[in-house]
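Welcome to a short tour of this structure. Have the model open beside you as you read on.

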Amino acid sequence: MVSFLSALVYGVGAMVLAGLALLVAFQEKLVYVPVLPGLSKSYPITPARLRLPYEDVWLRSADGVRLHAWFIKLFPNCPGPTILFFQENAGNIAHRLEFVRIMLQRLRCNVFMLSYRGYGASDGYPSQHGITNDAQAALDHLAQRKDIDTSRIVVFGRSLGGAVGSVLAKNNPDKVSAIILENTFTSILDMAGVLLPFLKWFIGGSTSKGLKVLNFLVRSPWSTIDIIGQIKQPILFVSGLQDEMVPPSHMQMLYKKVVEHNQHCLFVDFPNGMHMDTWLSGGDRYWRMIELFLDQCVPEMQGGKLRPKYDEDEGINLSY
């Protein structure tokens, strides 16, 4: 009996060690998925397929990596805000074009879509440090353009993109006017325990109760929960309550962390919203809430006066 128990303990231990070894070796492939199964890395379509006028933009990140982006303008002299869009971890920017098409129509804005390094037509391999540099290169490019209102640059990030956008907004309070976070996680450290429950005892973010003895193994922690409290700009939190990938509690924790010191925040949830389709299931209300947020936080000056917005249907006063 003793020998059997010993063998069982050693067997379980070996399996855990093997699992950790695989996690360490392939963690980037779990966090970053530039190519969806069965598809190629190249763009399946371009904005032209959806009759969207666009510009191919080529950038250099701080470490010299060549990046690709699409800059899509609603029309040549669009006075609306410019949305710097950061996508989720899987696929490429072409897979978000239908969403962006509707965004252009509903928000009357410009949209800049960046391909992270290793994604789409961009060179290199994804990492937290590298993608942080990529986001900065995109923002610096927008800040130098003469054909947009650079005082109305808004970051929009979904899931991983929210983590990317949070770092960028924190580092650039003078260039980013506001930020929209949709279905974003508190940290990859916390997500490790969501995806592989046994890891929550060894890996976790600042709000977790685990031992965290293996945190040092995680190369892309993306600790949004530790960044969010340093953001001074207005923030809109968009949460799908049926999110099957990132627990909705993550968005609630992010909001609670930032609202302690930043009163220019709004949290909106959508009962039927899942991780990728909140913008679809949210229907007209989804776009109306974003429009209200933008009108209040990055308004267009008209006659030198700004008028506070109030949505009687929602009962939310966005006047800060």
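The largest nonpolar core has 53 residues, and L84, F86, F112, L114, W222, I235 and F237 touch the most other members. Such a core is a set of buried Ala, Val, Leu, Ile, Met, Phe, Trp, Tyr and Cys residues joined through side-chain atoms within 4.5 Å. Buried means under 20% relative accessible area, exposed over 50% and partly exposed in between, with a 1.4 Å probe and protein chains only. This is a predicted model: local features need pLDDT of at least 70, side-chain atom pairs count only at pLDDT 80 or more, and totals for chains, interfaces and linings use all residues. Residues are numbered from 1 along each chain as its sequence is written, and side-chain values use heavy atoms, leaving out hydrogens and water.

- Leaving aside residues up to four places away in sequence, F112 touches V57, L59, A69, W70, F71, I83, L84, F85, A138, H141 and L142 (contact means heavy atoms within 4.5 Å).
- A second, separate core of 37 residues includes W70, F156, I180 and L292.

- Most residues other than glycine have a negative phi.
- S159 is not a glycine, yet has a positive phi of about 55 degrees; this serine is buried, with a relative accessible area of 6%.
- K212 is not a glycine either, and has a positive phi of about 60 degrees; this lysine is partly exposed, at a relative accessible area of 28%.
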